[in-house]
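Reader: Please take me through the local features of this chain, one at a time.

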Amino acid sequence: MSPSFRGPGVMITVNGKIQDIKLPVTVLKLIQLNDVKQPDMVSVQVNEQFVNREDFPSYQLNEGDQVEFLYFMGGGSIR
């Protein structure tokens, strides 16, 4: 299974894969837990809505959220 805190948690989906995460967790913490490469270049969607970069440290995730880490590059995007 994917990164998680110890203890009982909630299920969220990150890039199509279910993760067991103990709340509270912010977008920034989730980026760290998932060892996202080039975190300064990643955009984040939660439930198909983009999260402003300045909100990463305070944006709280909830059970059932669907999170996508997106990298935008010339000519398209990759996950």
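Author: Proline 39 counts as partly exposed because its relative accessibility is 41%, where buried means under 20% relative accessible area, exposed over 50%, and partly exposed in between, with a 1.4 Å probe and protein chains only. This is a predicted model, in which local features need pLDDT of at least 70, side-chain atom pairs count only at pLDDT 80 or more, and totals for chains, interfaces and linings use all residues. Residues are numbered from 1 along each chain as its sequence is written, and side-chain values use heavy atoms, with hydrogens and water left out.

Reader: Where is the place of proline 39?

Author: Helices (H or I, at least four residues) and strands (E, at least two) are DSSP runs, numbered from the N terminus. In these terms, proline 39 belongs to the loop between α1 (27-33) and β3 (42-46).

Reader: Which residues does proline 39 touch, not counting residues up to four places away in sequence?

Author: Contact means heavy atoms within 4.5 Å. Tyrosine 71 is 32 residues from proline 39 in sequence, and their C-alpha atoms are 9.4 Å apart in space. With residues up to four places away in sequence not counted, the residues that proline 39 touches are Ile31 and Arg53.

Reader: How many of the residues of β3 are buried?

Author: Strand β3 is mostly covered. The number of buried residues in β3 is 4 of its 5.

Reader: Over how many bridges do β3 and strand β5 pair?

Author: Two strands pair if DSSP finds at least two bridges between them. Valine 46 stands opposite valine 67 in β5. The pairing of β3 with β5 (residues 66-73) is antiparallel, and it runs over 5 bridges.

Reader: In β4, which residue is the bridge partner of valine 44?

Author: Strand β4 (residues 49-51) pairs with β3 in the antiparallel sense over 3 bridges. Within β4, the partner of valine 44 is valine 51.

Reader: What is the phi of asparagine 47?

Author: Asparagine 47 is in the loop between β3 and β4, a hairpin with 2 residues between the strands. Asparagine 47 counts as partly exposed because its relative accessibility is 39%. Most residues other than glycine have a negative phi. For asparagine 47 the phi is positive, near 50°.

Reader: Which residues does a cis peptide bond join?

Author: Most peptide bonds are trans. The cis bond has an omega of about 0°, and proline 24 lies in the loop between β2 (17-21) and α1. The residues joined by the cis bond are leucine 23 and proline 24.
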